[in-house]
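Subject: The structure you asked about

Hello,

Here is the structure for you to look through. Please open it beside this message, as my notes follow directly below.

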Amino acid sequence: MGKVWAKKISSTSPRPLESVFVDNFIEVGFCVQSRAFAHAHLTPKNRAEIDRIVKRIRPYHGILLLEDVWPSPDANPSVTLLLKHCEPDRSILDMSTASGIPLLQVFLIVRHLLLWARAVVVYPLCNTNVYSSATYPKPLKRYISLFSQQFGSSFHLANALAQFDPPCTLGEYLNSRQPLADQQNKAKVIVALLRHQLIMQVILCQWFESRLVLVLIACKRPCERFMTSIAAT
């Protein structure tokens, strides 16, 4: 079994999800972390990929604008209105409610922003979100000057990234015991790090194979009949 795991992990396949079968019957799936992180940073290339992403978006998701840009005066009024209510800590449903734009139309605007690489889909920022330094290699030199321009020459990008290795929650990073001004500045740092994909959210997912459930039920029923016959005697 160990040799099979090692072979799967060391393979050159770009797929983040791999699976093996125990006794050619029970499927065991696992995620290769390095591939998953690299895969998460791939920018969609065409409309088909964008449409697949949009179909998976739910109202509780949010969007993060990659730049502080404002549409031109001749832009669609609905886009301008939505951007006024677009905040990293708001869900798509919240933005729809606040702006008065129907939810379906908001999804169409989100698709437009994704297609033109103006935004990415995220979970709305909250204190329980867990973030980690992104493992996808990026040259930090090009970002040091950008962050220094935004947060001052005393800002150290490496120190900021070190706060998320090991991963920590947003609440731990903001630290409610610090002055409010410092917390607000740290919130801006979080947004900037997410925009440049220097940190990423860590999400724990658990799932069960339906086939395993069916096998357990099939094995349980004879036992129930056997116990019933014993009780009857």
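Below are the notes, from the whole chain down to single residues.

First, some ground rules. This is a predicted model, in which local features need pLDDT of at least 70 and side-chain atom pairs count only at pLDDT 80 or more, while totals for chains, interfaces and linings use all residues. Residues are numbered from 1 along each chain as its sequence is written, and side-chain values use heavy atoms, with hydrogens and water left out.

**The chain as a whole**

The protein chain has eleven helices and seven strands; helices (H or I, at least four residues) and strands (E, at least two) are DSSP runs, numbered from the N terminus. Of its 233 residues, 29% count as buried, where buried means under 20% relative accessible area, exposed over 50% and partly exposed in between (1.4 Å probe, protein chains only). Among contacts in the chain with a separation of 6 or more, 64% are between residues 24 or more positions apart; contact means heavy atoms within 4.5 Å.

**Strands**

In a regular strand the side chains alternate between the two faces of the sheet. Strand β3 (residues 62–65) is covered on both faces: Gly62 and Leu64 are buried on one side, and Ile63 and Leu65 are buried on the other. β3 runs antiparallel to strand β4 (residues 119–122), and four bridges join them. Two strands pair if DSSP finds at least two bridges between them.

Elsewhere, three strands form an open sheet in the order β6-β5-β7, with antiparallel pairing. Its edge strands, β6 (168–169) and β7 (199–201), each pair on one side only. Strand β5 (residues 130–133) and β7 are joined by three bridges, and Ser133 has Ile199 in β7 as its bridge partner.

**Helix packing**

Two helix pairs involve α6 (residues 103–115). How do α3 and α6 cross? Helix α3 (residues 47–56) passes α6 in a right-handed crossing; a crossing is left-handed if the near helix is turned anticlockwise from the far one by less than a right angle, and right-handed if clockwise. The contact is made by Arg47, Ile50, Asp51, Ile53 and Val54 of α3 with Arg111, Leu114 and Leu115 of α6. These residues divide into five nonpolar, no polar and three charged (Ala, Val, Leu, Ile, Met, Phe, Trp, Tyr, Cys and Pro count as nonpolar, Asp, Glu, Lys and Arg as charged, and the others, Gly among them, as polar).

The other pair is helix α5 (residues 92–99) with α6, whose crossing is also right-handed. Here Ile92, Leu93 and Ser96 in α5 meet Leu103, Val106, Phe107 and Val110 in α6, and the contact divides into six nonpolar, one polar and no charged residues.

**Backbone details in the loops**

The peptide bond from Asp165 to Pro166 is cis, with omega near 10 degrees. You will find Pro166 in the loop between α8 (157–162) and β6.

Asn175, in the loop between α9 (170–174) and α10 (180–195), has phi near 60 degrees, a positive value in a residue other than glycine. Asn175 is partly exposed, with a relative accessible area of 22%. Gln197, in the loop between α10 and β7, has a positive phi near 55 degrees and is partly exposed at 24% relative accessible area.

Notes
Axes are lines fitted to C-alpha atoms, for helices over the stretch in contact, and angles run from 0 to 180 degrees between N-to-C directions.
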